[in-house]
Amino acid sequence: MLSRLRSLFRPSIEPDPPRVRDEPRFAVSEKKKMDWGRVTPSVGAPPLRDVFKPYTPPPGVQGNGQSALAMDSGAATGATLMNWIGEAISEGVVFLGYPRLAEMAQRAEYRNMVEILATESTREWIDFQAVGKDDKGQRIDQLRNEFIRLKVRERFREMSEMDGYYGLGLLYVDVGQARTSDIVSTPLLLRPETFRKGSLRELVAVDPIWAAPNQYSTSTPLASDFYKPSTWWVQGANVHHTRLLRFVSRDVPDILKPTYNFGGLSLAQMAKPYVDNWLRTRQSVSDLINAFSVVALSTNMTSYQQDPEGLLARVEAFNRFRSNRGTFLLDKDSEEIQILNAALAGLDKLQAQAQEQMCSVAQTPLVKFTGITPSGLNASSDGEIRVFYDRVHAYQENTFRDPLTAIMHMCMLNLWGEIDPGITFEFNTLWQATDEEAAAIEKTKADIDAEYIDRGVISNSEARDRIAADPESIYQGVVERGSEAPEVPDEGDNLS
């Protein structure tokens with residue numbers, strides 16, 4: 001059934017702020033015309049006839065033997081489907097297309113919300129940790145240097161930005177094979193036999209506009225590749241998905257995946273209705289402030305019926321002398337001037353509310369998004385920032401954990417020819433304590449250590465090991481693990 005609707009969803013390109021479209025035309029029955037007549041397309045949305053059309057990549061992206069993107073035919077028809085499409089368009093939940101999304105990325109509002117999340121999720125980055133009691137310090141240093149060489153941190157920030165702008169980010173793993181050869185279409189197995197030492201060259205960020213899915217299953221939902229591409233076309237090259245890591249934080253239902261080029265819902269598209277409201281409100285407030293005062297000249301219009309040029313000359317003369325230092329002469333009996341002012345009270349609150357709505361859809365504190373600090377007695381945004389950091393941590397776990405683990409294993413194979421299960425990683429916390437808070441925490445830890453030593457729970461050497469292993473300790477680098485505490489001389493020894 002959806003085969004009839006594949007002519008429905010084509011991306012449109014139009015500048016911001018959006019303009020009102022003309023009503024679309026359809027060759028449908030009179031009854032459906034009545035149904036469509038009650039549907040008003042949202043501003044900036046594709047035409048209704050293009051709602052369900054699968055994404056069409058630019059020429060040259062797909063190689064020889066192109067195959068059309070498959071879509072199941074299980075949607076409803078008739079007035080129910082028409083109403084659903086109308087609601088989808090009015091809410092802006094239709095794929096806008098990569099050209100349009102790229103245009104939107106030029107706006108400060110979209111860039112702020114996308115770049116804030118991408119920057120914060122890679123700001124403190126990760127920390128490699130050893131599992132067990134074996135000393136992995138040397139290997140962890142090598143692994144850390146390998147991540148720096150491959151610029152993993154920078155590439156993940158790019159992937160987060162692509163996910164925010166387009167809903168899809170692709171990261172190509174270059175292990176030395178020619179990118180147009182048949183080898184890149186085969187799986188990249190993370191085994192010493194198939195992943196040679198020293199073969200990992202670089203990680204390449206691929207803009208999703210240059211990629212399109214090639215092979216995936218649409219016959220049975222029980223298949224592992226059901227609506228999950230096993231290979232991708234990348235400007236004519238057929239690349240296996242294990243060599244092209246996919247970053248999507250907001251996936252869409254299976255029925256919409258072909259429309260979204262098997263990507264997800266971008267943050268920019270989600271925020272578009274809120275940004276449109278903000279732009280409209282901002283411009284309306286600016287226009288109102290620019291013309292909040294109107295001067296009304298009451299005069300004898302009858303005297304100008306035969307001489308309209310005289311009336312225009314009278315108005316022009318007033319405009320020329322209109323200033324705080326100008327003087328305008330009025331007829332005492334037949335003319336009067338009034339200054340009509342528009343009410344400006346409450347405009348700041350309305351504009352601030354429209355701005356806060358953008359922060360709500362981006363789930364970003366206002367102070368992070370705009371730099372505007374809370375006002376009022378004892379006002380603080382610490383709570384909102386902590387909640388935002390929790391959201392960033394959840395984003396890291398959901399979006400970064402799996403591809404980052406795969407890249408870590410690739411680096412291990414590239415360095416040592418084996419995967420070391422005794423090394424893992426954790427995302428560093430984003431919240432940074434002040435100097436006063438850090439000193440108070442250190443004092444509390446010292447009191448706990450002293451209490452445990454006095455009770456015989458731990459020894460001095462064990463307390464030193466705890467201090468040496470604490471990355472937040474002020475004695476990090478001074479105290480070494482396994483060292484003995486210095487002996488405290490007996491007071492009697494100092495007596496002469």
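This is a predicted model: local features need pLDDT of at least 70, side-chain atom pairs count only at pLDDT 80 or more; totals for chains, interfaces and linings use all residues.
Is Phe292 buried, exposed or partly exposed, and what is its relative accessible area? Phe292 is partly exposed, because its relative accessible area is 34%, which falls between the 20% under which a residue is buried and the 50% over which a residue is exposed.

The structure holds 16 aromatic pairs, and I will go through two of them with some care. A pair of aromatic rings is described by the distance of the centres and the angle of the planes. For Tyr216 and Tyr227, the ring centres are 6.0 Å apart and the planes meet at 40°, so this pair is tilted. Both residues sit in the loop between strand E4, residues 211–215, and strand E5, residues 231–234, so the pair ties together parts that are eleven residues apart in sequence. Tyr216 and Tyr227 are both buried.

The second pair is formed by Tyr395 and Phe400, and here the arrangement is edge-to-face, with 5.6 Å from centre to centre and 70° between the planes. Tyr395 counts as buried because its relative accessibility is 7%, and Phe400, with a relative accessible area of 0%, is buried as well. These two residues also belong to a cluster, in which ring pairs link them with Trp125, Phe156 and Phe247.

Finally, a word about the cysteines. How many disulfides does the count come to? A disulfide is a covalent bond between the sulfur atoms of two cysteines. With the rule that the two sulfur atoms must lie within 2.5 Å, the count for this model comes to zero. As for where individual cysteines sit, Cys359 is buried, with a relative accessible area of 6%, and Cys411, at 0% relative accessibility, counts as buried too.

Key:
Residues are numbered from 1 along each chain as its sequence is written. Side-chain values use heavy atoms; hydrogens and water are left out. Rings of Phe, Tyr and Trp (its six-membered ring) pair if their centres lie within 6.5 Å; planes under 30 degrees apart count as stacked, over 60 as edge-to-face and the rest as tilted. Helices (H or I, at least four residues) and strands (E, at least two) are DSSP runs, numbered from the N terminus. Buried means under 20% relative accessible area, exposed over 50%, partly exposed in between (1.4 Å probe, protein chains only).
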